[in-house]
Amino acid sequence: VGNSKNTFTYELNGNTKAINYTITTAEGELEVTAVTDEVVVTITGHNSTVTYNGSEQSVNGYDVSIAPEGVSYTTADFSFNGTAEAKGTDAGTYQMGLKADQFANTNGNFKKVTFVVEDGSLTINKRNVVLTSETASKTYDGTALTKPIVKVTGDGFVAGEVSDIKATGSVTHVSAGEVTNTITYTEGEKFNADNYDIQKTEGKLWITAVTAKVTVTVKENSG
């Protein structure tokens with residue numbers, strides 16, 4: 001934007017005598033005016049959805065669209081003084097914090113530039129963990145029935161956050177009825193229950209009576 005003289009030069013031909021001419025020059029003026037129509041720059045922050053993994057995760061950057069279509073305004077014509085990044089470790093939603101006042105027009109050829117901002121975000125979902133203990137029974141034999149193995153499905157626990165996963169149910173006698181095969185585990189220092197959606201399906205253990213015929217022989221003591 002601005003104006004300047006439209007300067008020019010000339011040379012007389014070799015057989016032209018300057019004395020025969022009165023030459024007067026008049027330079028024109030060139031002017032470029034600023035675009036007065038509104039330019040709308042839409043900033044759309046990137047979004048990402050991930051699952052908790054025990055480490056810091058992030059999303060960064062943004063997309064740019066410029067209207068009206070065909071206008072000669074580009075991403076090189078504005079500045080950004082923020083940080084287009086959202087990051088976090090625990091389950092939750094983290095915003096980039098993009099704002100319109102972080103963007104500024106740097107091209108004086110455009111009089112009206114409006115920035116419209118849609119903030120970006122990172123969403124960290126909880127890990128889905130399903131713990132299932134076994135259901136079982138046996139005929140009474142005088143020893144305890146246990147089924148300590150626990151099946152872990154879903155996303156599972158992050159390595160090192162939980163240990164010693166087992167089912168602790170135990171039953172020996174018919175009279176005890178059904179016993180819950182209770183699931184337990186040990187939480188590590190880095191374990192945070194808010195990062196997990198834990199579902200337990202605990203089985204049952206029971207003892208059935210001996211159904212085979214038992215014969216007891218009693219001998220009389222004559223002595």
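This briefing describes a predicted protein model, topic by topic. Residues are numbered from 1 along each chain as its sequence is written, and side-chain values use heavy atoms, with hydrogens and water left out. Because the model is predicted, local features need pLDDT of at least 70 and side-chain atom pairs count only at pLDDT 80 or more, while totals for chains, interfaces and linings use all residues. A search of the whole structure finds 13 aromatic pairs, and the count of salt bridges comes to two.

**Aromatic pairs**

- Rings of Phe, Tyr and Trp (its six-membered ring) pair if their centres lie within 6.5 Å; planes under 30 degrees apart count as stacked, over 60 as edge-to-face and the rest as tilted.
- The search of the whole structure gives 13 such pairs. In one of them, the ring centres of Tyr62 and Phe103 are 5.6 Å apart and the planes stand at 80 degrees, so the pair is edge-to-face.
- Tyr62 belongs to strand E6 (residues 62-67) and Phe103 to strand E10 (residues 103-105), so this pair ties together parts that are 41 residues apart in sequence. Strands (E, at least two residues) and helices (H or I, at least four) are DSSP runs, numbered from the N terminus.
- Tyr62 is partly exposed, with a relative accessible area of 24%, whereas Phe103 is buried, with 5%. Here buried means under 20% relative accessible area, exposed over 50%, and partly exposed in between (1.4 Å probe, protein chains only).
- The rings of Tyr73 and Phe110 have centres 5.0 Å apart and planes at 90 degrees, so the pair is edge-to-face. This pair links distant parts of the chain, 37 residues apart: Tyr73 lies in the loop between E6 and strand E7 (78-80), and Phe110 in the loop between E10 and strand E11 (113-118).
- Tyr73 is buried, with a relative accessible area of 4%, and Phe110 counts as buried at 6%.
- Ring pairs also link Tyr52, Phe157, Tyr185, Phe191 and Tyr196 into a cluster.

**Salt bridges**

- Side chains of opposite charge can pair when their charged atoms come close. A salt bridge is a side-chain nitrogen of Lys or Arg within 4 Å of a carboxyl oxygen of Asp or Glu, and by this rule there are two.
- Lys138 forms a salt bridge with Asp141, with the closest N and O atoms 3.1 Å apart. Asp141 is partly exposed, at a relative accessible area of 47%.
- Asp164 forms a salt bridge with Lys166, with the closest N and O atoms 3.7 Å apart. Asp164 counts as partly exposed at 45% relative accessibility, and Lys166 counts as partly exposed at 34%.

- Strand E13 (residues 127-133) and E21 run parallel and are joined by six bridges. Thr132 stands opposite Thr201 in E21.

- E4 and strand E12 (residues 121-125) run parallel and are joined by five bridges. Val50 stands opposite Ile124 in E12.

**The loop between E1 and E2**

- Phe8 is placed in the loop between strand E1 (2-6) and strand E2 (28-32), and is partly exposed, with a relative accessible area of 42%.
- Gly14 is placed in the loop between E1 and E2 and counts as exposed at 85% relative accessibility.
- The C-alpha atoms of Gly14 and Val210 are separated by 133 Å, and the two residues are 196 residues apart along the chain.

Notes
Pairing = 2+ DSSP bridges.
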